[in-house]
Amino acid sequence: MRKGKTHIWLLLPFWIYYILFFFIPLGILLTYSFWLTTPRGLVPTFTLENYWAIFSKKLYFILILRSIRIAFIAAIICVVVSYPVAYSLTFKYKKMQDFVLYLILISLFSNYLVRIYAWKTILGGQGLINQILQYIGLTKEPLPFLLYSPTAVIITLVFIFVPFTILPIFSSLQNVKPELIEAAKDLGANNFEAFYKVTLPLSMSGVVTGFIFSFILSAGDYVTPQLVGGTTGMMIGKIVADQFGMRYNWPFGSALSYFTLFLLALLVYCLIWILKILKLRR
Amino acid sequence: MSYKNTLLAIKDGSKNFGKVVAVKNFSLEVKDGEFVCLLGPSGCGKTTLLRIIAGFETLDSGDVLMNGKSIIRLQPYKRPMNMVFQNYALFPHMSVFENIAFSQFLKKKSKEEIARKVKKMLQLVQLEGFETRRPNQLSGGQCQRVALARALINEPKILLLDEPLGSLDLKIRKQMQIELKNIQDKLKITFIYVTHDQEEALVMSDRIVLMNKGEVMQVGTPKSIYNHPNSKFSAMFVGENNLLKGKVAKVDSDCLVISVDGLELFANKTVNARTGDTVSLAIRPGKLRITGELESKSFGNRIRGKVVDVVFFGSVVKYYLRISENITMVAEDRITDESNSRSIKIGDGVTLGFTRESLNVFAE
């Protein structure tokens with residue numbers, strides 16, 4: 001058998017699928033971003049007008065920045081919440097590992113829209129949180145910022161994407177064998193030092209993966225902001241979707257998308273670079 | 001007893017894991033500079049005991065003392081000892097230098113001092129030049145040496161080693177045994193070494209603590225355990241042994257007469273046995289001398305047997321002998337030039353002589 005030729009054939013279905021349904025559509029979209037839309041239809045040219053249009057109205061840029069901000073905060077909270085869960089599952093509750101992981105996966109099966117609506121109910125003026133707060137007497141009136149606000153979007157996004165963060169962090173924590181922690185303690189590290197110098201660096205790749213998942217998925221989300229965001233919680237996703245819907249301005253929609261994507265990629269790259277500088281990653 | 005002059009003492013230590021008894025009424029004293037081996041079969045509690053000393057497990061009852069003071073409440077990082085783990089436990093995200101220097105970084109030592117100390121350690125374990133390598137670029141033996149350097153750089157009072165050579169191949173293992181012994185001699189640090197390999201224990205230790213099912217079976221120098229096992233277990237676990245069962249026929253002032261399947265054997269009185277007691281006997285293959293009729297009279301014991309097999313083992317030859325219908329024994333002989341003239345063949349009838357001292361008796 002010739003060396004290593006078989007695996008190319010085995011990967012072929014994967015490549016065909018991805019090229020047909022991912023790379024080619026992305027390429028088409030990129031091309032559109034340089035075209036123009038006229039009352040007569042799409043005109044294939046090469047122009048940067050769509051990109052300049054992003055800066056024509058303050059609104060677009062504000063929305064892009066707000067989307068990035070909301071997504072960033074949501075992703076940070078996701079990671080901060082998920083890490084202890086993954087950590088205790090790995091080191092303290094080994095026997096419950098499978099059970100809890102299944103629970104997490106099952107939560108992903110439930111309908112995305114239903115979950116967002118559930119949060120709309122919980123966060124609303126008559127919702128669970130306000131009722132409890134008024135019942136114990138902490139507030140007299142329903143808190144207005146709980147729904148139809150960036151806060152509501154962040155809370156909802158966190159709960160939707162936490163499963164996406166727990167799993168990669170959990171996976172990378174499997175690399176941290178208990179004897180490594182014991183060795184660190186034996187050499188003089190207290191609990192915190194053992195965590196900071198051994199466990200954290202070794203699980204960092206999972207943390208970064210989880211963060212990127214929730215960050216990028218959150219930034220592009222346009223259903224959550226629509227249902228619980230109100231006007232102050234509006235994100236760029238809605239504008240992009242509109243371009244491909246009502247407004248029928250595909251070139252502009254593509255330009256918006258790619259520009260946002262570019263900013264997101266830049267941000268992620270910077271974060272990874274910062275982590276390397278801080279020597280938190282190997 | 002104050003144990004003030006004993007470096008490490010364990011007093012009546014017991015530990016259970018649920019229903020499983022890991023360690024039972026374990027007591028031990030370790031002196032400064034000693035090389036002590038905890039030897040025993042898998043599951044005998046030796047690793048548990050090591051981890052108790054290190055602080056990774058707790059005792060259900062009993063105490064662990066250093067120079068008379070109880071250390072049982074101290075966390076591992078507060079105890080003046082370091083451990084070399086069975087699978088090395090090297091930090092995969094750090095270089096060899098960073099692994100070895102880990103404890104010194106924690107102690108906030110200066111960069112120069114750390115560099116100096118690491119260099120000294122690398123020289124000690126003969127890994128100079130390996131500073132920037134990563135654990136996944138090292139062979140098993142090299143990993144082991146890094147683990148050793150990492151533990152020794154801390155200058156611990158006691159070094160705990162948990163079957164450190166278990167995953168190395170034979171040649172490297174034997175080489176590392178000698179290297180470890182040399183390092184211990186040089187640094188004069190107390191070593192507590194866990195192993196299930198009795199040959200390793202015999203080679204390296206000043207004293208062996210033989211364990212089985214959580215209890216101490218025998219403590220002594222390699223020589224004393226080998227020559228004078230105190231139980232059937234000790235006799236069979238360390239080295240090869242011929243095991244016999246017999247009844248005490250007569251008790252004299254200084255010797256026991258034991259009847260074994262019709263034979264009459266004489267042993268030194270090392271156990272309190274009475275006439276009629278059933279006892280077990282052990283005699284090392286190397287102590288069974290094949291002699292001529294005349295010579296055999298100078299030994300305390302003399303039996304006859306028939307050679308059923310002769311096996312060549314390189315530097316020794318083993319003779320498998322049938323003594324009686326129920327008894328087979330093994331005799332071992334070093335191969336020297338003179339022994340060529342012996343040429344004992346299968347089927348030969350031979351006379352075996354052995355001293356009273358070499359016949360070990362246990363009440364079982």
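Domain bounds here come from an automatic or database domain assignment. Everything shown below is a predicted model.

**View 1. The two domains of chain B and where they touch.** In chain B, the assignment gives domain 1 (8-235) and domain 2 (240-362). Take the C-alpha atoms of each, and the centres of domain 1 of chain B and domain 2 of chain B sit 38 Å apart. Six residues from domain 1 of chain B and six residues from domain 2 of chain B make up the contact. Sort the domain 1 side of that contact by class and you get two nonpolar, three polar and one charged residues.

**View 2. A:Tyr248 and its backbone.** A:Tyr248 isn't a glycine, yet its phi is positive, at about 50°. To find A:Tyr248, look in the loop of chain A between helix H11 (236-244) and helix H12 (250-277). There are 13 other C-beta atoms within 10 Å of A:Tyr248, so this residue counts as partly exposed, since exposed would take 12 or fewer and buried 20 or more.

**View 3. B:Asn25 and its backbone.** Here's a positive phi in a strand: B:Asn25, again not a glycine, comes in at about 45°, and its place is in strand S2 (residues 20-30) of chain B. Is B:Asn25 buried, exposed or partly exposed? With 13 other C-beta atoms within 10 Å, B:Asn25 is partly exposed.

Technical notes
Residues are numbered from 1 along each chain as its sequence is written. Chains are lettered from A and ligands numbered from 1 in the order in which they are written. This is a predicted model: local features need pLDDT of at least 70, side-chain atom pairs count only at pLDDT 80 or more; totals for chains, interfaces and linings use all residues. Two residues are in contact if their C-beta atoms, placed from the backbone, lie within 7 Å. Ala, Val, Leu, Ile, Met, Phe, Trp, Tyr, Cys and Pro count as nonpolar, Asp, Glu, Lys and Arg as charged, and the others, Gly among them, as polar. Helices (H or I, at least four residues) and strands (E, at least two) are DSSP runs, numbered from the N terminus.
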